[in-house]
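Hi,

Here is the structure I promised to pass along. Have a look at it first, and then read on for my notes.

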Amino acid sequence: MPSYTPPLRDMRFVMHEVLKVADEFKAIPKYGDADADTINAVLEEAGKFASEVTFPLNMSGDEEGCKLNKETHEVTTPKGFKEAYAQYVEAGWPALSCDPAYGGQGLPLVVNQCFYEMLNSANQAWTMYPGLTHGAYAALSTHGTDEQKQTYLPKMTSGEWTGTMCLTEPHCGTDLGLMRTKAEPQPDGSYRITGNKIFISAGEHDMAQNIIHLVLARLPDAPPGIKGVSLFIVPKFLVSKDGTLGKRNGIYCGGLEHKMGIHGNSTAQIVIDGASGWMVGQPNKGMQAMFVMMNAARLGVGNQSLGLTEVAYQNALAYAKDRIQMRSLSGPKAKDKPADPIIVHPDVRKMLLTAKAYAEGGRALSIFCAVLLDKAHYHPDEKVRKDSDELLSLLTPIAKAFSTDNGHIATNACMQVFGGHGFIKEWGMEQFVRDNRINMIYEGTNTIQSLDLLGRKVLGNNGATLKKFGKMVAQLVEEEGVNEKMAEFINPIAYLGDQMTKFTTELGFKGFQNPDEVGAAAVDYLRVAGHLVHGYFWARMAQVALREIAAGNTDPFYQAKLQTARFYFAKLFPETATLMRTARSGSKVLMDTDLALA
Ligand SMILES: Cc1cc2nc3c(=O)[nH]c(=O)nc-3n(C[C@H](O)[C@H](O)[C@H](O)COP(=O)(O)OP(=O)(O)OC[C@H]3O[C@@H](n4cnc5c(N)ncnc54)[C@H](O)[C@@H]3O)c2cc1C
């Protein structure tokens, strides 16, 4: 049976010592009260909720899964899920970062992001029910009419109603322009929606009174392709003018998918049979509104893998200290025992440190992105809002794809630490691997994230936003370039920063001549960019640790941080050289292989 301890110390380190978030929030009037003590106190309670309420339901939820009653179309979630959700609502957790205008507590989004990391460590399947509601809330608060906001947001803020995103159809997932769901205008201003959606997470359940589906569909006169897609609110139960629930709408669960992981989350086939819907935003501009939800969800998915990386690491570490097997190559270490604990073996240490480095680097990136989101929404200075938004849009595909790929590497490595026992269910390690696997697929596969990064976010604006991140790296290099103690952390990012400019220009040039060159290089490119970003945060974390040690601070946390930074730069970061080489090898070997694939 695995265990979980919320990584509050590391969250405080990143937020207050590295990024100094409370200082950032002083400039945002809405967050005037969000000082470090308040944030820490909230996260301490949040950690208790995750570790004491949802974590104990993780393995049982996986074992039991969700059940569909085919006659009533009702879904029953695993034992305890409903009660845990009631506790979550009762304690006011859904409202944490929501707008006080709708009953929210108005805390910074970064607080919610840290809470969700812990919830994901504890139980990703459960967390997806409330998690999707935050994305739907964001889309409605940005693109909804005043009436829609007043009708839906207070109940989503309180957690009485949850949200979903209904994009995927049996014949289209990545290419949503192929979508067929229809929306016919009705005389009362509503729309009659008809179609079939599949793979809808939290699409039907017994945890909340109502489910607010955000559905993409096509108007009768819509142009073909993605430019003819509109967004609609389609509630499970219709909502009367006074906010009370009316009759059952024609949207229901026709089946549940049997899947590799996240068994406790209902992945629903959704039948939409002449349901009433209301348009969000403008006709044929549905993707604009849906992108608000998708961007929130992409950061959320990166955070899911971060959570799983952390919990897998904690359990692998405890096991490696306890399990004795063979003697250390350099002579016995536990002489009083018949063998040494496996943590003495170099490769076991490498697996553990890989997970630790990806968890801590990923946490720095996740928290940084959430602060950018806070600034992009609420900073009083328009330029800060715009800059934050641009940087966030560059980092979002990295936070999604790099974090989830790393989650795959890390959860696998942690399972490997357990040897054969990792493969056996009772230890819980194989569940972390299975649950993580979907994170690389949904919300735009990691290939699609790479194309978004290289094609749209980098080459699409001639590298302008990438240069902004490059400037942050250059500033750190300038600050610490003469500090010998920082050389081992600064030199690699300074070198890669330089290389990145040449590498990007080269790919841009090749892509201009042949677009398949971009497609062939994108996945490797994202991983190189991911290391530049992690490398930057590791250098900043090492900088703080070195300063504390120099000032006489003897807290072993700082030595551990420094050692992990050294491991990261020695063992993980150097894969960038191979990745650049494979990216440069081009598309020809892929595209001229008809015989090999025949
Ligand atoms: C458990 C689960 C939960 C989900 N939850 C939701 C949800 O809540 N709401 C929702 O709407 N959807 C949801 N999805 C759907 C998910 O987002 C899609 O499965 C995903 O976007 C991929 O679409 P697809 O399955 O149709 O694959 P396809 O689009 O058919 O892709 C197949 C392969 O081709 C690759 N590919 C496609 N186009 C390109 C290209 N241009 N260049 C390079 N490679 C390409 C893909 O990367 C992939 O490897 C969920 C899926 C699962 C399994």
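Predicted model: local features only at pLDDT ≥ 70, side-chain atom pairs only at ≥ 80, totals over all residues.

Residues are numbered from 1 along each chain as its sequence is written, and side-chain values use heavy atoms, with hydrogens and water left out.

**The ligand**

There are 18 residues around the ligand, and T168, T174, F199, S201 and T445 come nearest. Being near here means having a heavy atom within 4 Å of the molecule. Sorted by class, that shell holds 10 nonpolar, 7 polar and 1 charged residues. In this sorting Ala, Val, Leu, Ile, Met, Phe, Trp, Tyr, Cys and Pro are nonpolar, Asp, Glu, Lys and Arg are charged, and the others, Gly among them, are polar.

Three elements, β3 (161-166), β5 (191-201) and α12 (446-458), each supply at least two residues of the shell. Helices (H or I, at least four residues) and strands (E, at least two) are DSSP runs, numbered from the N terminus.

T168 brings a polar side-chain atom to 2.7 Å from a ligand nitrogen, and F199 has a backbone N or O atom 2.7 Å from a nitrogen of the ligand. The protein covers 63% of the 970 Å² of accessible area that the ligand has on its own. Accessible areas come from the Shrake-Rupley method with a 1.4 Å probe, and for residues only the protein chains shown count as cover.

The polar contacts are pairs of N or O atoms within 3.5 Å; within protein, one must be able to donate a hydrogen and the other to accept it, and residues adjacent in sequence count only if both atoms are side-chain atoms. One inside the protein involves T127 in helix α6 (residues 109-143): a polar atom of the T127 side chain lies 3.0 Å from the backbone oxygen of L119. T127 counts as buried because its relative accessibility is 2%. The scale is: buried under 20% relative accessible area, exposed over 50%, partly exposed in between (1.4 Å probe, protein chains only).

**Salt bridges**

Side chains of opposite charge can pair when their charged atoms come close. A search of the whole structure gives 33 salt bridges, each being a side-chain nitrogen of Lys or Arg within 4 Å of a carboxyl oxygen of Asp or Glu.

Take D10 and K561, whose closest N and O atoms are 2.6 Å apart. This pair links distant parts of the chain, 551 residues apart, with D10 in helix α1 and K561 in helix α16 (residues 556-572). Both residues are buried.

K26 and D23 also form a salt bridge, at 3.3 Å from N to O. They both lie in helix α2, 3 residues apart, about one turn of the helix. K26 counts as exposed because its relative accessibility is 65%, while D23 is partly exposed at 45%.

E390 and K386 pair at 3.1 Å, N to O. Both are in helix α10 (residues 382-417), 4 residues apart, again about one turn. Salt bridges that share partners join D10, E117, E310, K356, E360, R363 and K561 into one network.

**Backbone and surface**

K20 is in the loop between α1 (8-18) and α2 (21-26), and E443 is in the loop between α11 (429-437) and α12. Are they buried or exposed? K20 is partly exposed, at 43% relative accessible area, whereas E443 is buried, at 15%.

On the surface, V589, L590 and M591 form a nonpolar patch with about 290 Å² of accessible area together. Patches are made of residues with over 30% relative accessible area and no salt bridge, with like charges joined within 9 Å and nonpolar side chains (Val, Leu, Ile, Met, Phe, Trp, Tyr) within 5 Å. V589 is in helix α18 (residues 588-591) and counts as exposed, at 56% relative accessibility.

Cheers
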